[in-house]
Amino acid sequence: MPRSLKVAPKYIVKVKQSLQRNGFPSQQVLADTLGIARDTVSKFLNGKPVDYLNFVEISERLGLNWQQIASKEETTPPPPSPFIPGIPTTQPRYFFGRQRELKRIFDLLKRHPLQNAAIIGKRRSGKTSLLHYLKNITTTPAAQLRPNQKSDWLPNPENYRWIFVDLQDARMQSREGLLGYILECLEMPIPNPCDLDKFMDAVSGKLQKPTVILLDEIGVGLQRCPELDDGFWESLRSLATNYTQGNLAFVLATPESPIELARHTGHSSPFFNIFGYSATLGALTEVEARELITSSPIPFPEDDIEWILTQSGRWAILLQILCRERLFTLEDGETEDNWREEALQQMQPFLGLLEA
Ligand SMILES: Nc1ncnc2c1ncn2[C@@H]1O[C@H](COP(=O)(O)OP(=O)(O)OP(=O)(O)O)[C@@H](O)[C@H]1O
Ligand SMILES: [Mg+2]
């Protein structure tokens, strides 16, 4: 059952006439009789969505068959929400901002030799979403992007190979698992056993295309995976610097700088010194945050936009939460402000982002 219903356009005249016919001199009188807001009655009479229970109650009081007058179009599922806080954004059209960081990182990746980058940011700041965006934006068809969304970051994007590695994935936590996965992505034969030496032999001198390995949650790799030791990372560094004709780069995501991270986790590998550029993720700019907010399929009132900008501190996940809550209530035809209290509650677990 849909959460809200609206009167089908062809019944609107009949519905309006039924008010007088049933002895209600005004919308207010009907609203008072039912103990609901006049605004809800007005929406009902004008074919706007109202809560399902209110719809049934008003229809019955006006002697109307609610199933007959309800717009059938309302029973189709609503379009997917653009606001999905929680899971990292993988579809580029739902990713906003980070233009400065994108420009810098793509500059490192479009020149030869490719250079390495580190993305640093607090928990929930948007690191994984940015890695996915790097991987996808240059090859996503324009029809699947927002109008005017920049995607021409690389001269020949189809030549690039992107390998996304989530080190939280148990399969990536052993040498064999991780190296086998990289070879699979490169469409290279996987030796048996797939150890470090055989991997180095397989890849050295054979990378003809620019290849970017995106390492998410690298801290987990360092803390919890004894097989991914200094020797392992040193070999990867050597591969990138000596044996791939400048065609291999790493982009890693971590809550702290790679050098700090290596120190904290008792690693000394020079691998962590090769990240010549690091981007620290903060809040979005005001323009970027507004772009995210105005991507709502139902436009938000101006004072809500201002409230969302202030409360979120323009952090992407907080914007997503507040926008989702607002959209939710607008879809239900609510115009009052009580959604704000619920939205603030939902934001609670992530307030750490707002601390300096
Ligand atoms: N640029 C962005 N545009 C739109 N939404 C974003 C953006 N960046 C992050 N988000 C939102 O913030 C949420 C958290 O992002 P993400 O999971 O990428 O952060 P993270 O830094 O990888 O978090 P964690 O430290 O928990 O791994 C996502 O679910 C997404 O809704
Ligand atoms: Mg993440």
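Ligand 1 lies between domain 2 (98-280) and domain 3 (286-354), because both give residues to the shell around it; the domain bounds come from an automatic or database domain assignment. This is a predicted model, in which local features need pLDDT of at least 70 and side-chain atom pairs count only at pLDDT 80 or more, while totals for chains, interfaces and linings use all residues. Residues are numbered from 1 along each chain as its sequence is written, ligands are numbered from 1 in the order in which they are written, and side-chain values use heavy atoms, without hydrogens and water.

There are 22 residues around ligand 1, where a residue counts if one of its heavy atoms lies within 4 Å. Ile 87, Arg 123, Arg 124, Ser 129 and Gln 320 come nearest. Two helices, α7 (127-136) and α15 (316-331), each supply at least two residues of the shell; helices are DSSP runs (H or I, at least four residues), numbered from the N terminus.

Polar contacts are pairs of N or O atoms within 3.5 Å. Arg 124 has a polar side-chain atom 2.7 Å from an oxygen atom of ligand 1. For Glu 217, a polar side-chain atom lies 3.2 Å from a ligand oxygen, and for Ser 125 a polar backbone atom is 3.2 Å from an oxygen atom of the ligand. The protein covers 96% of the 630 Å² of accessible area that ligand 1 has on its own, by the Shrake-Rupley method with a 1.4 Å probe.

Pro 301 is in the loop between α13 (286-293) and α14 (302-312).

Notes: A polar contact is a pair of N or O atoms within 3.5 Å; within protein, one must be able to donate a hydrogen and the other to accept it, and residues adjacent in sequence count only if both atoms are side-chain atoms.
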